[in-house]
Amino acid sequence: METVTLNVKGMSCGHCVKAVESSVGELVGVQTVKVDLEGGKVTVDYNPEQVTVEKVKETIDDQGYDVE
Ligand SMILES: [Cu+2]
C-alpha cells in the first residue's frame, strides 16, 4: 500500500468533499480517501498494482477540480 497527497483546487464545501471521496473511493485499488478541505489536499491510500496516481488525478479532474 502506498500513500499520496495531492493538492486539489476548487473544493469549497461538504459536497465537494463527498464528490471527491466517493468517486476516488470507488476506484479499484483505493483503500482510503481523506480530504482536507481547508488545506486543499486529498490523501489517498492505494495499491499501486491496481491503480495509478494518474488515474486518481483523472478521477478528481473529472469531478471538476484542478489537481496540481
Ligand atoms: Cu462544494
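## How the two helices cross

Let's start with the helix pair: α1 and α2 cross in a right-handed sense. Keep in mind that this is a predicted model. Helix α1 covers residues 14-25 and helix α2 covers residues 53-62. Their axes come within 9 Å, with a crossing angle of roughly 140°. Because anything over 145 degrees would count as roughly antiparallel, α1 and α2 go down as oblique to each other.

So who is doing the touching? On the α1 side, the contact is made by V20, S23 and V24, while α2 brings V56, T59 and I60. Sorted by class, the α1–α2 contact has four nonpolar residues and two polar ones, with no charged residues in it.

## A look at T59

T59 sits in helix α2 and is one of the residues making the contact with α1. Is T59 buried or exposed? Its relative accessibility is 9%, and since buried means under 20%, T59 counts as buried.

Leaving aside residues up to four places away in sequence, T59 touches S23, V24 and L27. Of these, S23 and V24 also turn up on the α1 side of the helix contact.

## The copper site

Now for the metal. Which residues coordinate the copper ion? C13 and C16 do, each through its SG atom, at 2.0 to 2.1 Å.

As for accessibility, C13 has a relative value of 32%, so C13 counts as partly exposed. C16 is buried, with a relative accessible area of 5%.

Note on methods:
Residues numbered from 1 in each chain as written. Predicted model: local features only at pLDDT ≥ 70, side-chain atom pairs only at ≥ 80, totals over all residues. Heavy atoms only, no water. Donors = N, O, S within 2.8 Å, 3.2 Å for Na, K, Ca; no water. Buried < 20%, exposed > 50% of the residue type's maximum accessible area, 1.4 Å probe, protein only. Axes fitted to C-alpha atoms, helices over the stretch in contact; angles between N-to-C directions. Helix = DSSP H or I, 4+ residues; strand = E, 2+ residues; numbered from the N terminus. Parallel < 35°, antiparallel > 145°, perpendicular 65-115°, else oblique. Left-handed = near helix turned anticlockwise from the far one by under 90°. Contact = heavy atoms within 4.5 Å. Nonpolar A, V, L, I, M, F, W, Y, C, P; charged D, E, K, R; others polar.
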